[in-house]
Amino acid sequence: IRVDEGMTANYPFNDASGTNAYDISGEDQVAKLYPATSGGTGPVWTTGKFDGGLSFDGSEDYLTLGKQVMYALTNFSISVWVKTNQSAAGTNRDQDPAILGLRQTGSDYNEFALTNYNGNLAWYDEFGAEANTYNSNTSISDDDWHHVVVNRSGTTLSFYLDGELLGNDTTGSDIVGRSDLAWTTDSYVLEAGRANITGGLYFA
C-alpha cells in the first residue's frame, strides 16, 4: 500500500507459519490471522505467486492489517496478487466478498472495500455523501493469478488488472476512515478477506 510519501505496508507472506504476517516496508505494520469463529483455523499458509501466500476458505478466514496502514489518507495505491474461482455477491454491494476492506461500526465512517462481485473485480466506498460502487465487468475468478492495483488521486479511482487499465471512477473527497476517532477496536480496522460488515461475505 502506497501513499504520496512512499510505502506504508508490504506483506510478502513469506512467514510460512504462525498467526502473524510481517510487514517489510519498515513501518512495522504487523498483520494477524484470524478465524471468525472460536475454534476455527484461520487463513492457511501456502504457496503464493512469489514464494509464500495465504489461502482463505470463504467462510471465516480473515487478516487484520496494521491499524495505521491507511489511516486518514486521501491519495493511495493498493497492490495485491489474487487467485480465486469464487463467484458470489452479497445482498447489498457493501456485502460482496472483500479482498481488502475497511469497515467500522456506526454510520458514514468513510469505509471502502476492494471486492469480488460475481467473479468480477469491483469496488465499494463511502468517501462522499452517497455510496459509490464500481464494477469492472472483468473476471478475476478463473483460478489463475492476477495482479490488481487500485489508485486513488483526489476523487479519481483508477483500476488496473495485470498491468492494463480497466477504467476510472469518480468518488467523493473524504479521507479513509474518520480522523476524529481512534482506531482502537477490531471493528475499526483494515482487513483482508472480509470487510467486517453484518451479512458480508468472505473472500476465497
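1. Charge over rings. In this predicted model, the charged end of arginine 152 sits over the ring of phenylalanine 127, 4.1 Å from the ring's centre.

2. Aromatic pairs. The structure holds 8 aromatic pairs. One of them joins tryptophan 123 and phenylalanine 159: the ring centres are 5.9 Å apart and the planes stand at 70°, so the pair is edge-to-face. Angles over 60 degrees count as edge-to-face. Tryptophan 123 belongs to strand E11 (residues 120–125) and phenylalanine 159 to strand E14 (residues 156–161), so this contact ties together parts that are 36 residues apart in sequence. Are these two residues buried or exposed? Tryptophan 123 is buried, and phenylalanine 159 is buried too.

3. The ring cluster. Ring pairs link Phe76, Phe112, Trp123, Phe127, Tyr134 and Phe159 into a cluster. Phe127 is therefore a member of this cluster and also the ring under arginine 152.

4. The largest pocket. About 1100 Å³ of space lies in the largest pocket. Its lining counts 39 residues. Tyr11, Phe13, Val80, Trp81 and Val82 are the ones nearest the pocket centre. By class, the lining has 22 nonpolar, 13 polar and 4 charged residues.

5. Which strands build the lining? Five strands are worth checking on screen: E5 (44–47), E6 (52–55), E8 (76–83), E9 (98–103) and E13 (145–153) each supply at least two residues of the lining of the largest pocket. Strand E8 gives the most, with 7 residues.

6. The E5–E6 hairpin. E5 and E6 pair in the antiparallel sense over 4 bridges. Valine 44 stands opposite serine 55 in E6. The two strands form a hairpin with 4 residues between them. In the turn, aspartate 51 has a positive phi of about 65°.

7. Strand E16. Both faces of E16 (residues 189–192) are covered. Val189 and Glu191 are buried on one side, and Leu190 and Ala192 are buried on the other. Strand E7 (residues 61–64) pairs with E16 in the antiparallel sense, over 2 bridges. Across that pairing, threonine 64 stands opposite glutamate 191, which is one of the buried residues of E16.

8. Glutamine 68. This residue lies in the loop between E7 and E8. Glutamine 68 is partly exposed, with a relative accessible area of 45%. What separates the C-alpha atoms of glutamine 68 and alanine 9? The distance is 9.6 Å, although the two residues are 59 residues apart along the chain.

9. Phenylalanine 13. Phi of phenylalanine 13 is near 60°, a positive value in a residue other than glycine. Phenylalanine 13 lies in the loop between strand E2 (6–7) and strand E3 (20–21). Phe13 is also among the lining residues nearest the centre of the largest pocket.

10. Aspartate 143. Here too the residue is not glycine, and phi is positive, near 60°. Aspartate 143 lies in the loop between strand E12 (132–139) and E13. Aspartate 143 is partly exposed, with a relative accessible area of 43%.

Notes:
Residues numbered from 1 in each chain as written. Predicted model: local features only at pLDDT ≥ 70, side-chain atom pairs only at ≥ 80, totals over all residues. Heavy atoms only, no water. Phe/Tyr/Trp six-rings, centres within 6.5 Å; stacked < 30°, edge-to-face > 60°. Buried < 20%, exposed > 50% of the residue type's maximum accessible area, 1.4 Å probe, protein only. Lys NZ or Arg CZ within 6 Å of the ring centre and 35° of its normal. 1 Å grid on protein atoms, 1.4 Å probe; cavity = no way out; pocket = protein on both sides within 12 Å on 5 of 7 lines; lining within 4 Å. Points joined across faces, edges and corners; volume = space filled by probe spheres on them. Nonpolar A, V, L, I, M, F, W, Y, C, P; charged D, E, K, R; others polar. Pairing = 2+ DSSP bridges.
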